[in-house]
Every structure is written in structure tokens, then in C-alpha cells.
Amino acid sequence: MSQDICVIVPTIREYECMRSYFENAREHGFDLSRLHVVLVTEDFCETDAMEAMLAEEGVSGEVFDGSRREEWYEDHGVAEYSHVVPAASHAETSFGLLYMWVHDEFDYGFFIDDDTLPHDDEDFFGTHMENLAFGGEIEEVASDEQWVNVLYQNADEHGLYPRGYPYSAMDETVETDTAKIDGGSVVASQGLWTNVPDLDAVRILMDGDLEGQAQTRTTAEDFGDDFVAARGNYLTVCSMNLAFRREVIPAFYQLPMDDNEWDVGRFDDIWSGVFLKRACDVLGTRIYNGAPLCEHNKAPRSTFDDLNNEVPGLELNEHLWQVIDEAGADADSYAAVFEAMAHKLADGDWSAYNNGAFFNYVGEYMLEWLECLSALRPAAGLETDRTHVVADD
């Protein structure tokens with residue numbers, strides 16, 4: 001079978017976790033020759049050891065530290081857009097998306113975080129691929145707050161809400177139904193997580209943990225059947241355990257965080273998930289949630305450090321989904337929906353919000369993301385209209 005899957009792993013220390021993913025593939029009969037692994041790291045990391053690990057495992061791949069990324073931008077004629085992917089940030093996973101975009105042999109992408117491990121009893125790669133090919137009936141979840149808690153299935157027991165879930169959408173009334181999904185309409189598969197739940201710093205503090213983890217842990221028993229969020233409902237999308245189709249890349253930019261004048265961080269995958277869900281609702285596609293689970297072994301760190309990164313964007317996170325909720329309604333592509341959302345943010349007056357100008361900044365970067373994709377593949381037809389309009393808010 002052809003090499004059709006690009007696995008993108010941001011890592012600075014725990015790259016050896018990939019051996020467990022490769023072993024899981026072997027144990028479950030998944031063809032490792034389909035994979036090409038892109039390790040996104042920094043100049044101060046063990047790049048030689050990372051390359052040796054891939055070679056020892058017999059898996060195709062490349063290692064890109066900061067210097068190699070700069071060379072790549074130069075070689076592909078997009079050095080002027082190198083700032084679109086922030087360095088030393090989890091959002092540098094966007095580099096992997098650019099790499100995929102250039103290499104059209106990759107029909108599918110995976111995001112894997114280096115503090116995770118696969119469950120031995122689940123075929124990690126195979127299950128994600130089955131999810132992307134899914135067709136049939138599946139549970140559909142909605143709420144009266146237009147938000148779905150991906151941990152809803154045992155929320156009465158553990159009371160958890162994931163990182164990025166708006167505080168104003170808590171205490172929601174959950175409704176479930178059955179949706180009929182056409183084969184090929186699932187464009188992203190989000191696997192959930194056991195052990196350390198993916199919580200924000202405020203919720204971790206409320207859980208009594210000062211080391212950035214959580215006192216409350218999740219197990220496989222906390223998760224039931226797989227599900228999708230209903231149209232018009234948003235959900236948190238965490239990139240630690242995620243597979244997706246190539247076609248969503250224009251609308252799946254991992255947002256610029258950490259290195260900005262407002263010090264906003266920690267919302268790169270959350271906000272990208274909001275944008276992707278809006279695009280899916282417009283275009284009639286779906287995000288699949290549930291299996292395969294991964295074990296999240298988040299290393300201890302100061303909860304207050306995470307809090308300092310999150311606080312500048314907390315108010316914006318409450319409103320982002322409302323800002324873009326009607327954008328791109330008549331669009332016919334992921335790029336067109338994304339451009340409409342970008343203009344909504346870039347052209348608006350957000351002075352009523354704390355750090356509201358960060359919305360304008362994000363919108364400008366989203367437009368540059370589309371320009372960069374167009375420069376990398378001019379034939380893709382992703383021309384972007386940078387003309388600003390008067391905000392209608």
C-alpha cells in the first residue's frame with residue numbers, strides 16, 4: 001500500500017513514546033509502511049537521537065528543528081510566511097500541515113502528543129482510519145448551550161469539562177439522538193484520553209492540583225459509545241490524539257499562540273477546532289469522537305504557569321464561537337469558510353473584550369495562512385481577499 005499518512009508529533013523530550021505507537025501498529029497488523037513521521041522539535045533537542053529512533057524502528061520520517069524549518073521555508077519560497085507558525089509553541093504543529101500540503105501523496109494526517117501512549121487493546125491507527133471511513137448510524141449529541149462536553153458520558157460522576165469549554169456553557173442540558181452518516185463525510189477523528197484529563201488551569205486548581213495535572217483521573221469506563229456533535233453545536237478539539245483528512249488543512253490552522261504581545265497561549269488547538277466545526281457544519285461533514293483512547297501522561301508542572309498562559313485569552317474564548325457562528329454560510333470549500341471567519345475577526349472591533357485586539361491579530365494570521373498555502377501550491381486556487389470591510393458588529 002502507498003505511503004498515504006503523515007504523522008505529526010510536536011516534541012522536545014518524550015519522542016521515545018513513538019516506539020509504543022509503532023509496536024501497537026505491529027501488534028494489530030497495521031501496515032507501518034503507510035506512515036511518514038514528521039517530528040517537529042527545537043534546535044536544543046536530540047535531533048540525531050530522534051532520527052536514529054525512526055531508523056531503528058524502520059519507519060519513514062524526518063526531524064525538523066527550528067533551523068531545518070527555516071531552511072524548508074526558504075527552499076519552498078515561503079520564508080516571508082515563516083512567522084505564521086510560532087516557534088517553541090505547541091502550535092508549531094501547523095508546520096506539519098504545511099509539509100502535508102506540499103506532499104500530495106498524504107491523504108490523511110495524524111496529530112500525536114509526546115506525553116501520550118496508545119492502549120494496548122485498541123488498534124490505534126486502524127481505528128482512526130475506520131472512523132474516517134465511517135458510514136452508518138451513530139449517537140449525535142447536542143445541548144441547550146450549543147456546546148458538547150466531550151466528557152459528557154460520565155460527567156455526573158466526575159464533573160469534568162475539558163480545556164477550552166466555555167464557562168458560560170456549563171450546566172448544560174444534554175440531548176442525544178441518532179444521526180445517519182454517509183461514508184466519506186467524516187473528516188476528523190478525535191480520540192479521547194484516560195489518566196490525566198485535558199483540563200484548563202482554573203479547573204485543575206478547582207480540582208485541588210498545583211502540578212498542572214488533576215486529582216480526578218479518567219479511565220476507559222468513563223467513555224461509552226462513539227459520537228458526533230450535532231449541527232450548530234461546538235466542541236473542544238484536542239490535538240493530542242487526532243486523525244484528519246487532507247482536505248481540511250485550509251481550515252485547520254493551529255492558531256498562533258504564546259509569542260504575541262498579549263501573551264495569549266494554550267488555545268491553538270481549541271480555536272482551530274471551533275473553526276473546523278463551523279466549516280464542517282457549513283459543508284455537511286463531521287468530526288467523529290471517542291475511540292481510540294490514548295493514555296495521557298502529562299508531566300508535572302506549575303498549574304499557575306498554565307494559568308498565566310490562559311488568563312489573557314479566557315474572555316475571548318467565551319465569545320469566539322459566537323463571533324464566527326454565522327460566518328461563511330454560503331461558502332463551498334474549507335478555505336472559503338475559513339477566509340470568511342478570518343475576515344470576521346480581522347475586520348471587527350473587539351475593544352469591548354479584554355485583549356480584544358488579539359482577535360484582529362488572529363484573523364490576519366488566518367488570512368496569511370491561506371496565502372502561504374496558495375504560495376506553496378498555486379494550483380490549489382486558495383486566493384485570499386485581503387480587502388478590509390467595515391465591521392458590522
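**Notebook: salt bridges, strands and a helix**

I began with Asp 306, which forms a salt bridge with Lys 298 (a side-chain nitrogen of Lys or Arg within 4 Å of a carboxyl oxygen of Asp or Glu); the closest N and O atoms are 3.4 Å apart. Asp 306 and Lys 298 are both buried (buried is under 20% relative accessible area, exposed over 50%, partly exposed in between, with a 1.4 Å probe and protein chains only).

The model is predicted, so I note that local features need pLDDT of at least 70 and side-chain atom pairs pLDDT 80 or more, while totals for chains, interfaces and linings use all residues. Residues are numbered from 1 along each chain as its sequence is written, and side-chain values use heavy atoms, with hydrogens and water left out.

**Other salt bridges**

I searched the whole structure and found 20 salt bridges. One of them joins Arg 34 to Asp 4, with the closest N and O atoms 2.8 Å apart. Arg 34 sits in the loop between helix 1 (17-27) and strand 2 (35-40), and Asp 4 in the segment before strand 1 (5-10), so this pair ties together parts 30 residues apart in sequence. Here helices (H or I, at least four residues) and strands (E, at least two) are DSSP runs, numbered from the N terminus. I checked burial at both ends: Arg 34 is buried at 12% relative accessibility, and Asp 4 is buried at 6%.

Next I looked at Arg 19, which forms a salt bridge with Glu 57 at 2.9 Å between the closest N and O atoms. Arg 19 belongs to helix 1 and Glu 57 to helix 2 (residues 47-57), so the link spans 38 residues of sequence. Arg 19 counts as partly exposed at 24%, whereas Glu 57 counts as buried at 14%. I then followed shared partners: Glu 16, Arg 19, Glu 23, Arg 26, Glu 56 and Glu 57 are joined by salt bridges into one network.

**Strand 1**

How many residues of strand 1 are buried? I counted 6 of its 6 residues as buried. Ile 5, Val 7 and Val 9 point one way from the strand, and Cys 6, Ile 8 and Pro 10 point the other way. In a regular strand the side chains alternate between the two faces of the sheet.

Strand 1 pairs with strand 2 (pairing needs at least two DSSP bridges). The two run parallel and are joined by 6 bridges, with Val 7 opposite Val 37 in strand 2. With strand 4 (residues 108-112), strand 1 pairs in the parallel sense over 4 bridges; there the bridge partner of Val 7 is Phe 110. I also noted that strand 1, helix 1 and strand 2 make a right-handed β-α-β unit (with the strands pointing away from the viewer, the path from the first strand over the helix to the second runs clockwise).

Helix 10 (residues 334-346) has 13 residues and reaches 18 Å from first C-alpha to last, close to the 18 Å expected at 1.5 Å a residue (1.5 Å times one less than the number of residues). Of its 13 residues, 10 are buried, so helix 10 is largely enclosed by the rest of the structure. I listed the buried ones, among them Tyr 334, Val 337, Phe 338, Met 341 and Leu 345. Their cover includes strand 9, helix 8 (268-283), helix 9 (303-324) and helix 11 (357-376).

Thr 194 is in strand 9 (residues 186-195) and is buried at 6%. Its contacts (heavy atoms within 4.5 Å) include His 119, Phe 223, Leu 293 and His 296, leaving out residues up to four places away in sequence.

Asn 195 also lies in strand 9. Asn 195 has a positive phi of about 75 degrees although it is not a glycine, and is partly exposed at 23%. Arg 266 has a positive phi too, near 75 degrees; Arg 266 is in the loop between strand 12 (241-245) and helix 8 and is buried at 16%. Last, I found a cis peptide bond from Ala 291 to Pro 292, with omega near 0 degrees; Pro 292 is in strand 13 (residues 286-296). Most residues other than glycine have a negative phi, and most peptide bonds are trans.
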